[in-house]
Amino acid sequence: MSDKKQVSLLVQGYEVVIGFETHAQLATQSKIFSRAPTAFGAEPNTQACAVDLALPGTLPVMNREAVAHAIRLGLALGSHIAEQSVFARKNYFYPDLPKGYQISQFEIPVVQGGEVSFYLGDEKKTVRLVRAHLEEDAGKSLHEDFIGQSGIDLNRAGTPLLEIVTEPDIRSSAEAVAYAKELHKIVTWIGICDGNMQEGSFRCDANVSVRKPGAPLGTRREIKNLNSFKFMQQAIDYEVRWQIEQIEDGHAIQQATVLFDPDTGETRAMRTKEDAADYRYFPDPDLPPLVIARSWVDEVKASMPELPRQMAERLVAAYGLPEYDATTLTQSPAMAAYFETAAKASGQAKMASNWIMGEVSRRLNHEEKDIAQVPVSAETLAALLKRIADGTISNNAAKQVMDALWAGEGQDVDAIIEAKGLKQMNDSGALEKIIDEVMAANAPMVEQYRAGKDKAFNALVGLVMKASKGKANPQQANELLKQKLQG
């Protein structure tokens, strides 16, 4: 990295160091150690069974699908998938933790190492992973509906999670958000998590510290449960400024767990941070080691989809797309499939990319819909692109056709072009007549152009397009006008 780039990452002379812990709720029908359902939104305490509460005489049984999801993540991130991993009890008291402990993995996690690569602008970044381990979720404390007391909803207790932990490789809030977005894309792409941040399916904790360049790592504070990318950036930026101010005022940073308040834009300490020793981890006596055969890993590998990074590289190679386009189009499998269908059917890959990233995305964003809800099929878009490419309609006329398609006025592109009279005028004789009339009516402008004023040419083109009611082929109008002016 150049000195200039290194300096640009500093905040008031301090280097920011961030590590991430992300809890991805696994997309299984039942909980990690019981058959209780995991559906979101049920009435409180209707989805917690005796096993989730560790009532006497109950024993946990591992959910095979949760393990398969962990394997998928390990394969997607180039991690080592442990042939044998161990479940441990993490002991702590909290009102919404009915067992008084959480079943998690500690010394030997199922997924070890790996990395997540992404682009920040045009610069490729890579964040190394320490591990991803399986664990159960706790319940939820409810404070809003009870005056002077709290309610406990244990529906989430026992829900399967993968906790994905990074090395402290992230150096800015922008990098942190880019990493989180890429990880979110991967877990949803491979189908192990629905990624719904509002429902708590994808929750991020950011460990933030600052230090002078070259100094040992500073004391970190953990910002818990960041459930939107916008709040994530705001929380980290505030925490960095707060820590620097504390150090500059001569105060030591104390390790703590903090919460972000979106209303004030501030973080506040919730409790002093525990270390591993405080949890008194020990192997869970009710669960044998988790053994994963190589044949199972191979079976999962065979069912894996093409990963977004690999697909982006293929789109660059196969369709000649710029890296930016390929990365944008691989935000979801649905968007990538929509592009490929439109590109193949039209033979206009770059134009398809431009329209999907531009007109199609703009309309979807305006209506707060995703690509799966697009009202214009990829095949219909391809038919529209063909009519732009062969000169039947102009780009502006194509937008009018898209308006009609989007509004549900039919899916036949040619019929809409005909009905709205949007065909470009490709008859050179008729166009020449219009140009002659425009030049005759605007002799001073013609003289200005011939005297070397180029702006006059653009004005004349505009007048020709207006006289043709927008139906003249702009390229043809340019060429014919130039010939006549130079004649």
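This is a predicted model: local features need pLDDT of at least 70, side-chain atom pairs count only at pLDDT 80 or more; totals for chains, interfaces and linings use all residues.
Good morning. At 0% relative accessibility, V258 counts as buried, where buried means under 20% relative accessible area, exposed over 50%, and partly exposed in between, with a 1.4 Å probe and protein chains only. Residues are numbered from 1 along each chain as its sequence is written, and side-chain values use heavy atoms, with hydrogens and water left out.

Helices (H or I, at least four residues) and strands (E, at least two) are DSSP runs, numbered from the N terminus. Not counting residues up to four places away in sequence, V258 touches R221, E222, I223, K224, E239, T267, R268, A269 and M270; contact here means heavy atoms within 4.5 Å. M62 is 196 residues from V258 along the chain, and the C-alpha atoms of the two are separated by 33 Å.

Let me turn to the chain as a whole. There are 16 helices and 17 strands in the chain. The C-alpha trace spans about 95 × 55 × 50 Å along its principal axes. The radius of gyration of the chain is 30 Å, whereas a compact globule of 487 residues would have one near 23 Å. That radius is taken over C-alpha atoms, and the globule rule is 2.2 Å times the number of residues to the power 0.38.

Of the 487 residues, 48% count as buried. Among contacts with a separation of 6 or more, 68% are made by residues 24 or more positions apart. The accessible surface comes to about 24,100 Å², and carbon and sulfur atoms hold 50% of that area. Accessible areas come from the Shrake-Rupley method with a 1.4 Å probe; for residues, only the protein chains shown count as cover.

As for charge, the chain carries 53 positive and 65 negative side chains, and the centres of the two sets are 4 Å apart. Lys and Arg count as positive and Asp and Glu as negative, while His and the chain ends are not counted. The place of a charge is taken as NZ of Lys, CZ of Arg, CG of Asp or CD of Glu.

What does F339 contact, leaving aside its neighbours within four places in sequence? The partners of F339 are L315, Y319, L321, L329, A349, A352, S353 and I356.

L485 counts as buried, because its relative accessibility is 3%. Beyond residues up to four places away in sequence, L485 touches M439, V446, Y449, R450, F457 and L460. A68 is 417 residues from L485 along the chain, with 72 Å between their C-alpha atoms.

K386, by comparison, lies in helix α10, residues 378-389. Is K386 buried or partly exposed? Its relative accessible area is 39%, so K386 is partly exposed. K386 touches A345 and S346, again not counting residues up to four places away in sequence.

Finally, two backbone angles. A54 has a positive phi of about 55° although it is not a glycine, and its place is the loop between β1 (15-25) and α2 (64-76). With a relative accessible area of 31%, A54 is partly exposed. E368, also a residue other than glycine, has a positive phi near 55°. E368 is placed in the loop between α9 (349-366) and α10, and is exposed, with a relative accessible area of 73%. Thank you.
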